Amino acid sequence: MLNPSMTYLNHGSFGARVESVFKFQAALKRELEFSPVDFLDRQRSRLEEARQVVASFLGADLEGFGFVDNATTGVGCVLNSITFNSGDEILTTNLVYNGVRQLLNRIADDVGCSYRETAIDLPVQSSDEIYHRITESIKPATKLVVIDHVASSSSLIFPAEEIVQFCKEKGVLVLVDGAHAPGMLNLDVESVGADWYVGNLHKWVCAPLGAGFVWAAQDHRDSTHPMTVSHLYGQGFAREFDWQGTKDITPWLAAAKAVQWGDEIGWERIRKHNHSLATWMQQSLVEAWNVEPLSPLDGSMLGNMATVLLPFGHPNTMPACLALRDEIYNKFQIEVPIFELQGKGAVRVSAQLYSREIHLKQLITAIS
Ligand SMILES: Cc1ncc(COP(=O)(O)O)c(C=O)c1O
């Protein structure tokens, strides 16, 4: 549904909508407004059906799966469910999504426990480097490790399963932030094995905005609640998440339609297409701008996005990067995130089915 005269290289931020899914949701909204009580109260089986489609797509068992509005809300639910003491530590990395960083800081400030980010310095050569940086940083006081499945600014895929396995052996809790993972990775939430997993469907599944989820392992289901506790409190994890006060649940219902849209094309086919295009984008930008790659050029640490340093002489502070981003949009109608990353200016490009090689060439012409 994107404006065709715009060059859209930022699918990663908010996704983009598929016309058929949008129309499906619009029809649902009309039905809701036609008979609100019937839709929201009596027709709860619609939600059950959507939960089944989406949870099965994600490899998450139904009893541990709950819809939320977005990944941020999911992280909030998880953090609220953990009892921290003042001697405890929350550990994450310097590649954590900034919104999640703020949530972790707030919890640490509230309970007086400590918060630490282990540094993953770019460039990285292998997943092993990430694994070792994180696992070697865990201390006896570490109560919770928060890792990204696909990190936002760096675009790197973390070896989540291996890190989770290590944490389990050490008795440390792990939350995996998979905001980008559904639709980008061949995700099987249960086999990641984390204590909690949160994700978004409005990014790479192209569901309507407002479709995220939280999954909790068996041991945490009784203690993890929605941010908005309501009527179904105490009736089990899945039921509690089904009713988070009066709200428009059409993004969740239409998320199932988005999963089916991808099924028709083939999710494996979509992922392959996007991954090989993102790998090509990384190679082309690195070559055109003559910069050091931030991860292997074979794309082995990337999904559908690639982060590349700006060429020499371009901005390297956040305000100047944001000004360049706006200038590129205003002058060339190219939407691409440009930001400061570890003291350098960087661009993150996203590959989705609508992406074309010409879009990247336009970016190279705009920034050279
Ligand atoms: C790694 C990561 N976590 C969390 C979020 C937050 O997602 P939302 O704004 O949908 O809650 C994002 C958004 O880009 C992200 O990249």
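I take helices (H or I, at least four residues) and strands (E, at least two) as DSSP runs, numbered from the N terminus. With that in hand, I placed Gln218 in the loop between β8 (212-216) and α10 (237-242). The model is predicted, so I kept in mind that local features need pLDDT of at least 70 and that side-chain atom pairs count only at pLDDT 80 or more, while totals for chains, interfaces and linings use all residues. Residues are numbered from 1 along each chain as its sequence is written, and side-chain values use heavy atoms, with hydrogens and water left out.

Entry 1: Gln218

I looked up the accessibility of Gln218 and found this residue exposed, with a relative accessible area of 61%; here exposed means over 50% relative accessible area, buried under 20%, and partly exposed in between, for a 1.4 Å probe and protein chains only. I also took its distance to Asp195, which is 23 residues away along the chain, and the two C-alpha atoms are separated by 8.4 Å.

Entry 2: the whole protein

I counted 14 helices and 12 strands in the protein. The C-alpha trace spans about 60 × 55 × 35 Å along its principal axes. The radius of gyration is 21 Å, which agrees with the value near 21 Å for a compact globule of 368 residues; this radius is taken over C-alpha atoms, and the globule rule is 2.2 Å times the number of residues to the power 0.38. Of the 368 residues, 56% count as buried. Among contacts (heavy atoms within 4.5 Å) with a separation of 6 or more, residues 24 or more positions apart account for 69%.

Entry 3: strand β5 and its neighbours

I turned to strand β5 (residues 142-148), where 6 of the 7 residues are buried, so the strand is largely enclosed by the rest of the structure. Two strands are said to pair if DSSP finds at least two bridges between them. Strand β3 (residues 89-93) pairs with β5 in the parallel sense over 3 bridges, and I noted Thr142 of β5 as the bridge partner of Glu89. Strand β6 (residues 173-178) also pairs with β5 in the parallel sense, over 5 bridges, and Leu144 stands opposite Leu173 in β6. I then followed the chain from β5 through helix α8 (residues 160-170) to β6, and these make a right-handed β-α-β unit; right-handed means that, with the strands pointing away from the viewer, the path from the first strand over the helix to the second runs clockwise.

Entry 4: helix α13

Helix α13 (residues 318-332) has 15 residues and reaches 21 Å from its first C-alpha to its last, close to the 21 Å expected at 1.5 Å a residue, where the expected span is 1.5 Å times one less than the number of residues. I found Cys321, Leu324 and Ile328 buried in this helix. Seen down the axis of α13, its buried residues fall within an arc of 55 degrees, so they line one face of the helix; the arc is that of the directions from the helix axis to the C-beta atoms. Pro319 and Asn330 are exposed on the other side of α13. The buried residues of α13 pack against β10 (334-335), β11 (338-341), β12 (344-350) and α14 (357-366).

I looked up Gln282, which is found in helix α12 (residues 267-289) and is buried, with a relative accessible area of 0%. Not counting residues up to four places away in sequence, Gln282 touches Pro293, Ser295, Pro296, Leu297, Gly299, Leu302, Ala306 and Val308. Gly12, in helix α1 (residues 11-14), also counts as buried at 0% relative accessibility. With the sequence neighbours up to four places away left out, Gly12 touches His180, Lys203, Trp204, Met305, Arg348 and Ser350.

Entry 5: backbone geometry

Most residues other than glycine have a negative phi, and most peptide bonds are trans. Against that background I noted Ser155, in the loop between β5 and α8, with a positive phi near 65 degrees, and this residue counts as buried at 1% relative accessibility. Cys206, in the loop between β7 (196-200) and β8, has a positive phi near 60 degrees and counts as buried at 4% relative accessibility. Just after α13, Gln333 takes a positive phi of about 55 degrees. Lastly, I recorded a cis peptide bond that joins Leu122 and Pro123, with omega about 5 degrees; Pro123 is found in the loop between β4 (114-118) and α7 (127-135).
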